[in-house]
Amino acid sequence: MDTIPSTRSEVLPEGASDPLVDGFGRVVDDLRISVTDRCNFRCTYCMPAEGLAWLPKAELLTFEELARLARLFVRLGIRSIKVTGGEPTVRADLPTLVRMLREVAPGLDISMTTNGVLLDRLAEPLAAAGLDRVTVSLDSLLRHRFAEMTRRDALERVFAGIAAAERAGLSPIKINCVIVGGTNDGEVVDFARWSRETGHVVRFIEYMPLDAQRAWERAKVVPSARILAAIDAVYPLEPLDPDAEPARTFRFADGAPGGIGVISSVTEPFCDTCNRVRLTAEGQLRACLFALEETDLRGPLRSGASDDELERLIRDTVARKWAGHRINHPDFVRPDRSMSAIGG
Ligand code: SAM
Ligand code: SF4
């Protein structure tokens, strides 16, 4: 069951203004906040082994700045906030930030995407602070392949993190699995079996041209249709009603727990229904993962902008959101930022 509130009035405070609508009539009600660009993993499809040039601390939005922006976004109709990164759990005092976000609006859906390696100690304090649920990235069920893909021998700790999240009630727990052709594509049926055993929905993400090393090649993208066919041949699937999520989701036809999702950003883009905006760790607002332009909110925040001025900047950015990314077009231009610097 999803925990996202179903109506604006469940979340919105007194004095709420008109919703955020882009130039194509799509309502934006989901905000991804990156709280750091740093990470304790080095996933091969995301960043190089040596890491990236991390932002100095002074450039990160403070908790107070994040809470102020969150309050403003909620007034503009944001119903769900996803805390992400980089790896969000490496930001010091993360539960304090979650508590501040929770105070913004009790009915807000607050979730986090994490690699899970620090969840064994953070799941409980995060849940106590008001986090609703987590999505954990898990690219292999095999120790050697997990270590190869993340460049960290940490599979057991991630399993422990998932178990801790379960105990803390951070559910439904979703699992994100980036499939890279020739690496972990042989594991999709094993993941389906694991989903049936654990009850966690596994969402397969197509490899996107957002790795910092620019090693992405189309030949390594495994189309979601192929993943679904492989699983359906062993464990027949039934589609669930499409919802606001970008993932298309399926349940097991025999009624087993768990389920499968696919995020087909490359082969079947879902831009028509995109309801998201993203805030980078240093306060740049992006209307699309692949946007080539962004709006600086930190500068105005730090030079005393009023809420009305910030609202204007946000509305203008959303109004300029483009119809869709152009990965499959000859004129596709990769954004300068890679996934971890945007906030996936
Ligand atoms: N560090 C956290 C994690 O890995 O869950 C949160 C940030 S990470 C950038 C967010 C999501 O983006 C993860 O599920 C990750 O697997 C995914 N991701 C990173 N690089 C990707 C790429 N090039 N293509 C597709 N997904 C990618
Ligand atoms: Fe870190 Fe997440 Fe990127 Fe992996 S995908 S390197 S865990 S930010």
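Trainee: Between which two strands does the loop with S264 lie?
Mentor: Heads-up first: this is a predicted model, where local features need pLDDT of at least 70 and side-chain atom pairs count only at pLDDT 80 or more, while totals for chains, interfaces and linings use all residues. Residues are numbered from 1 along each chain as its sequence is written, chains are lettered from A and ligands numbered from 1 in the order in which they are written, and side-chain values use heavy atoms, with hydrogens and water left out. Strands here are DSSP runs of E, at least two residues, numbered from the N terminus. The loop with S264 sits between β11 (259-263) and β12 (276-279).

Trainee: Is S264 buried or exposed?
Mentor: Buried means under 20% relative accessible area, exposed over 50%, and partly exposed in between, using a 1.4 Å probe and protein chains only. S264 has a relative accessible area of 2%, so S264 is buried.

Trainee: Which residues are in contact with S264, leaving aside its neighbours within four places in sequence?
Mentor: Contact means heavy atoms within 4.5 Å. By that test, S264 touches E206, S224, R248, P269 and F270.

Trainee: How many residues of β11 are buried?
Mentor: Both faces of this strand are covered. G259, G261 and I263 are on one side, with I260 and V262 on the other. That makes the buried count for β11 five of five.

Trainee: In which sense do β10 and β11 pair?
Mentor: Two strands pair if DSSP finds at least two bridges between them. Strand β8 (residues 201-206) is joined to β11 by five bridges and runs parallel, with V201 opposite G259. The three bridges between β10 and β11 are antiparallel.

Trainee: Which are the edge strands of the open sheet?
Mentor: The open sheet has twelve strands with mixed pairing, in the order β9-β10-β11-β8-β7-β6-β5-β4-β3-β12-β13-β14. Two of these strands each pair on one side only: β9 (237-239) and β14 (295-296).

Trainee: Which residues surround ligand 2?
Mentor: A residue is near a molecule if one of its heavy atoms lies within 4 Å of it. The shell around ligand 2 has five nonpolar, three polar and no charged residues, with Cys, Met and Phe counted as nonpolar, and Gly as polar. The names are C39, F41, C43, C46, M47, G86, N115 and S340.

Trainee: How many disulfides does the structure hold?
Mentor: A disulfide is a pair of cysteine sulfur atoms within 2.5 Å. C43, at 15% relative accessibility, counts as buried, and C46 does at 14%. The number of disulfides in the structure is zero.

Conventions. Helices (H or I, at least four residues) and strands (E, at least two) are DSSP runs, numbered from the N terminus.
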